[in-house]
Amino acid sequence: MRHVLALAALSLGLASAQAAAPGAPGVLTIRFLDVGQGDAVLITSPEGKSVLYDGGRSEPRLQALLNLYGVQSLDLVAASHADSDHITGLIPGVRLFKPKYFLNNGIAGTTQTWNRLVTAAQQAGTQGLVAKDQTINLGSVKLTVLAPPSGMPKNEQNPNSVGLLVQFGKFRALMTGDSETAETAAWLRKYPAATLGPIDVYKSIHHGARNGDNAAWLAAVRPRNVIISVGPNNYGHPTAEALALYKRVGATVYRTDREGTVTVVVQPSGQFAITTAHGPAVPTNPPASRPAPAAAAPRPATPAAIPPTPAPASSVYYANCAAVRAAGAAPLLRGQPGYRPGLDRDGDGRACE
């Protein structure tokens, strides 16, 4: 993996290496925050350095969670992509902690939320960092950036999601925003599948949407535990198709809508424990053994067939936002012919805005 991905390395410095992580010195803590329908992951290294990967759709909720978990600083904020349910909570994170870097996919959002985030970053003196093949040293934790592959449509945010592989000793966690099958298939062509998995803790793609995780990708990733960051929604997340995929690979599933914030604490040995805000502690797990046994070898990187999205009641149907824009119909408002929730990522009634 190092030879494939580590084309450039960025160190966030060890100046604060003596500062202990809040409440958990010497261990890696990853919190999949309960932010409702959206993503937000707080990563704190054994040296007390922190990264916020996505921030959910609510500023007050994210700020309250940062207070709850005693966050004193953020060294980096990262947006998997620019949709509002991923970046809104980054705004208070930037304002409060003035992180050094803001990692993103380099594709500007089209919403006021994006503009407010960029303004906050500029006022905080936070430096933009466009994702590329690179590693970021968070104390003793290595973050490998999975940049959007070439060939993804530049007018679509989901397939340009930025992935993050977290490594601490033998432990591995992986999160990939709202990636779609085209992006995961491209990653499989770029990175040997045997180097991606097995993954100890994996964040479900796109809150368990049917256009996110797929059989070929999961066969390479081989997740042992899956966290679905999800809240009340009209999209049907997580879908039965996604849940069936996780069951098929034998993963244990956690859901933030049912269990609240999911916390993973990793010891230097790689042993890790998972606890939830509303559930009992899970016994400590050893990290996955590598290399994987032959029986678990990944299958060819051929995307599995995805069940078609049901056609809307209207006779007008657009396959994606590119089709909407090509027809000159953007933005589509709720109730207009061709509007469907799948095109309205932030659920504000304006699709493909």
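1. Start at C321. Leaving aside residues up to four places away in sequence, C321 touches E156, L343 and C352, where touching, or contact, means heavy atoms within 4.5 Å. C321 sits in helix α11 (residues 321-326). Is C321 buried or exposed? With a relative accessible area of 6%, C321 is buried. Here "buried" stands for under 20% relative accessible area, "exposed" for over 50%, and "partly exposed" for anything in between, using a 1.4 Å probe and protein chains only. C321 and P331 are 10 residues apart in sequence, and their C-alpha atoms are 9.1 Å apart in space.

2. A word on what you're looking at. This is a predicted model, so local features need pLDDT of at least 70 and side-chain atom pairs count only at pLDDT 80 or more, while totals for chains, interfaces and linings use all residues. Residues are numbered from 1 along each chain as its sequence is written, and side-chain values use heavy atoms, with hydrogens and water left out.

3. Now the overall picture. The protein has 11 helices and 18 strands. Both are DSSP runs numbered from the N terminus: helices are H or I with at least four residues, strands are E with at least two. Of the 353 residues in the protein, 56% are buried. Take the contacts between residues at least 6 apart in sequence: 65% of them join residues at least 24 apart.

4. Have a look at helix α2 (residues 59-68). Which of its residues are buried? They are E59, L62, L65 and L66. Viewed down the axis of α2, these fall within an arc of 135°, so they line one face of the helix. (The arc is that of the directions from the helix axis to the C-beta atoms.) On the other side of α2, P60, N67 and L68 are exposed. The cover over the buried residues of α2 includes β3 (40-44), β4 (50-55), α4 and α5.

5. How do α2 and α4 pack? Their axes are 8 Å apart, at an angle of about 50°. The axes are lines fitted to C-alpha atoms, for helices over the stretch in contact, and angles run from 0 to 180 degrees between N-to-C directions. The two helices are therefore oblique to each other. As for the cut-offs, under 35 degrees is roughly parallel, over 145 roughly antiparallel, 65 to 115 roughly perpendicular, and the rest oblique. On the α2 side you'll find E59, Q63 and L66, which meet I91, P92, G93, R95, L96 and F97 in α4. By class, this contact has five nonpolar, two polar and two charged residues. Ala, Val, Leu, Ile, Met, Phe, Trp, Tyr, Cys and Pro count as nonpolar, Asp, Glu, Lys and Arg as charged, and the others, Gly among them, as polar.

6. Helix α4 (residues 90-97) also meets α5: their axes come within 9 Å and cross at roughly 10°. That makes α4 roughly parallel to α5. L90, I91, V94 and R95 in α4 meet T113, R116, L117, A120, A121 and A124 in α5. Sorted by class, there are seven nonpolar, one polar and two charged residues in this contact.

7. On to the aromatic rings. A pair of aromatic rings is described by the distance of the centres and the angle of the planes. Rings of Phe, Tyr and Trp (its six-membered ring) pair if their centres lie within 6.5 Å; planes under 30 degrees apart are stacked, over 60 edge-to-face, and the rest tilted. By this rule there are three aromatic pairs. The rings of F102 and W114 have centres 6.1 Å apart and planes at 45°, so this pair is tilted. F102 lies in strand β6 (residues 101-104) and W114 in helix α5 (residues 112-124), so the pair ties together parts that are 12 residues apart in sequence. F102 counts as buried at 6% relative accessibility, and W114 counts as buried at 9%.

8. Last stop, helix α9 (residues 240-248), where A242, L245 and Y246 are buried. They cover an arc of only 95° around the axis, which puts them on the same side of α9. On the other side, A240, K247 and R248 are exposed. The buried residues of α9 pack against α8 (215-221), β13 (223-228) and β14 (252-255). What follows α9? That's G250, whose phi is positive, near 80°.
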